[in-house]
There are 2 protein chains.
Amino acid sequence: MTVETVAWTGLLPGKVRLVDQTRLPLACVYVETDDVAVLCDAIRRLVVRGAPAIGVAAAYGVVLAVQAHADAPGVDVVGRAKEACAFLASSRPTAVNLFWALERMARRAERELLARRSGAEIVSALHAEARAIHAEDAAACRRMGELGAAFLKDGATVLTHCNSGALATGGMGTALAPIYVAKERGLSVRVFADETRPLLQGARLTAWELANAGIDVTLITDGMAARVFGEGKIDAVFVGADRIARNGDVCNKIGTYGVAILAREHGVPFYVVAPVSTFDAKIAHGGAIPIEERAAEEVTQGFGARTAPPGVRVYNPAFDVTPARLVTAIVTEAGVITAPDEQKVVELLARAHPPSRS
Amino acid sequence: MTVETVAWTGLLPGKVRLVDQTRLPLACVYVETDDVAVLCDAIRRLVVRGAPAIGVAAAYGVVLAVQAHADAPGVDVVGRAKEACAFLASSRPTAVNLFWALERMARRAERELLARRSGAEIVSALHAEARAIHAEDAAACRRMGELGAAFLKDGATVLTHCNSGALATGGMGTALAPIYVAKERGLSVRVFADETRPLLQGARLTAWELANAGIDVTLITDGMAARVFGEGKIDAVFVGADRIARNGDVCNKIGTYGVAILAREHGVPFYVVAPVSTFDAKIAHGGAIPIEERAAEEVTQGFGARTAPPGVRVYNPAFDVTPARLVTAIVTEAGVITAPDEQKVVELLARAHPPSRS
């Protein structure tokens, strides 16, 4: 039902197919390649974006790099795989999932080499590993969707901010997954999508992917959200997260904190949907999360035309922090924590990553 | 210090000079004309906008229509003046000040005719009336500025939304007037300007006019306001109003209600600055104010380029209503009412418009 943001096509050798997100929302065009250099460039140019989706694409990229060399000795295949990992890791600087996925691919390659597998067997194992990364991401999205859908009644209207949907993951998304699951269950759910200035991910991506999936979506500017809440139109807020601190403070796209305040003011529950990997247990609270400030031009000429006076001072933080006290619940693939605090977060992480019994 | 949005140049005959706001913020270009048709077209094309500024420009337009006919009999001059009033009234549909100013000009013309004045005397009287309308607007702006500046300390930082500045009036503006007066008094005041989607009046007009007047201004997107409040950067909010109900509920540009909620959440005072003419005593509360919904294209392709999927549903209310309970004070030229309610509004209006002793 949702768009297939990243796909492996064919068997082995095969290709990677990406929705070209630089062409959305005006055209849904696919990029298909069996060239790891083309894939790396696609990650760099934001043809594919969203941390989980990048991780999946990069894992497949490693397979592209080795699949033509199945006849080579195992050691050569592993060498090529590790070269590809280093190359792909240079594509984007901050997405944690990118490095995590590439390290997992490199470890699998080494494990296979230690087990004295042939080149062909290693290529096949790497393909299996990439497919597993993809499948696990899709399963985590679906699980978050199922857990989050419990908070949606038939006829509910949801407000979301930015894009935490299928276009950002290898599955049905995070914040949008409960909406897709609710629809599968036959519930009628409407969505108001904040356009999400400055980069308009809500207008360009969320409005597109929801409409494409047959969900009733209405686009508003960020400043209209308060009126929509005041009109009693919103039953729940669902947003994603870029990082969650140990005390449950949530770092997400700029504007999220304001939405959380509006939700509280109007008595509307505010749900954060994010995989367990989003938690950063080393960070005690949201104030300790570094917030990237981006170029003034995103605000002053984000759409080609210049819309602010030359030389004007601009403040352009890319993220903000919503304190845990404004979060009704955090929905993860390992369970839901309501009224999050440090103890509940630590318990969730312990459940999700049980210590090995060595 | 502030930009002269509308000016009469020369004596009689003279010209009207307007800042061409369709060219801002990229160029500050003036339109100067002695042709009432050109002036009417300028109002229609938003070369001049903002209800008080439109009223002043239209009053001068009546003078343009009659000044070449000072040698004609008085009855002919008055006929031409009334024709011009009807013509100018067709330029914009909703700005109350436009009709108010034109009615005042028409009444003055009739009064002069009843007093058997000559054509030349009537032209001169209409010129005086237009100048009086302009001067009264400028004086009201200054008075609001003086009263509002009392809420600003040296070093204060103000957040504002949309443009309620000199560019919207025949004087130093409404919401921005306290900032200009504070600067005249030697205080250092900084401003954060919400860009104010969809039409970007904050980015295009407020950032330009403040920078032009030497005020330290920082542009943010509407969704960044919550973070800026959370960082403790804002000491006061100043906004204008399009209409104020009898109970003190304030209708203003979409996004204002959200700013008011953020201000209350962070313990920051929220001031509304507007002339007495903004009150609509016939409207009991904000819920009874009709809210204009505008075209989807303002949201989906407000910058030339299309930034949302074709056919997407859009909700685009142009205004919202801030309940009186979120308003710290309303600043008018006739005085300040803190914690506004119906009794205080009725008393203010009675003071401003004392009943005639007939």
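When I speak of a salt bridge this morning, I mean a side-chain nitrogen of Lys or Arg that lies within 4 Å of a carboxyl oxygen of Asp or Glu. With that in hand, I can say that 6 salt bridges are counted between chain A and chain B, and that the structure holds 42 of them over all chains. Please keep in mind throughout that this is a predicted model, with an ipTM of 0.92 and a pTM of 0.93, and that chain A has a mean pLDDT of 95, with 98% of its residues at 70 or more.

Let me begin with the interface. Chain A contributes 54 residues to the contact and chain B contributes 54 residues, and between them the two chains bury about 4,200 Å², of which 66% is on carbon and sulfur atoms. On the polar side, there are 18 residue pairs in polar contact between chain A and chain B, counting pairs in which both residues have a pLDDT of 80 or more. Several elements of chain A each supply at least two residues of the side that touches chain B, and these are helix 7 (201–212), strand 6 (216–220), helix 8 (225–230), helix 9, helix 10 (297–300), strand 12 (313–314) and strand 13 (319–322). The residues on that side of chain A divide into 31 nonpolar, 10 polar and 13 charged. As for a salt bridge between the chains, B:Arg313 pairs with A:Asp216, with the closest N and O atoms 3.1 Å apart.

The buried residues are A:Thr256, A:Tyr257, A:Gly258, A:Val259, A:Ala260, A:Ile261, A:Leu262 and A:Ala263. Just after the helix, A:Gly267 takes a positive phi of about 70 degrees.

In one of them, B:Arg190 and B:Asp216 meet through their side chains at 3.6 Å, N to O. This pair links distant parts of the chain, since B:Arg190 is in strand 5 (residues 190–194) and B:Asp216 is in strand 6 (residues 216–220) of chain B, 26 residues apart. Both partners are partly exposed, B:Arg190 with a relative accessible area of 32% and B:Asp216 with 28%.

Another pair is B:Asp41 and B:Arg45, whose side chains form a salt bridge at 3.1 Å, N to O. Here B:Asp41 counts as partly exposed, at 33% relative accessibility, and B:Arg45 likewise counts as partly exposed, at 44%.

The remaining pair is B:Glu129 and B:Arg108, with side chains that meet in a salt bridge at 2.5 Å, N to O. Because B:Glu129 lies in helix 5 (residues 119–149) and B:Arg108 in helix 4 (residues 96–114) of chain B, the pair ties together parts that are 21 residues apart in sequence. Are these two residues, B:Glu129 and B:Arg108, buried or exposed? Both B:Glu129 and B:Arg108 are buried. In chain A, a network of salt bridges links A:Arg104, A:Arg108, A:Glu112, A:Arg117, A:Glu129 and A:Glu136.

Helix 5 of chain B also holds B:His134, which is buried, since its relative accessible area of 12% is under the 20% cut-off. The side chain of B:His134 reaches the backbone oxygen of B:Gly170 at 3.0 Å. If we leave aside neighbours within four places in sequence, B:His134 is in contact with B:Val6, B:Ala7, B:Val56, B:Tyr60 and B:Gly170.

I will finish with a residue in a loop of chain A. Where is A:Leu199 placed? A:Leu199 sits in the loop between strand 5 (190–194) and helix 7 of chain A, and at 32% relative accessibility it counts as partly exposed. Not counting residues up to four places away in sequence, A:Leu199 touches A:Arg204, A:Arg294 and A:Glu298. The C-alpha atoms of A:Leu199 and A:Ala59, which are 140 residues apart along the chain, are separated by 27 Å.

Notes. Residues are numbered from 1 along each chain as its sequence is written. Chains are lettered from A and ligands numbered from 1 in the order in which they are written. Side-chain values use heavy atoms; hydrogens and water are left out. Buried means under 20% relative accessible area, exposed over 50%, partly exposed in between (1.4 Å probe, protein chains only). Helices (H or I, at least four residues) and strands (E, at least two) are DSSP runs, numbered from the N terminus. pLDDT is the predictor's confidence in each residue, from 0 to 100. Contact means heavy atoms within 4.5 Å. Buried area is the accessible area (1.4 Å probe) that two parts lose on being put together, summed over both. A polar contact is a pair of N or O atoms within 3.5 Å; within protein, one must be able to donate a hydrogen and the other to accept it, and residues adjacent in sequence count only if both atoms are side-chain atoms. Ala, Val, Leu, Ile, Met, Phe, Trp, Tyr, Cys and Pro count as nonpolar, Asp, Glu, Lys and Arg as charged, and the others, Gly among them, as polar.
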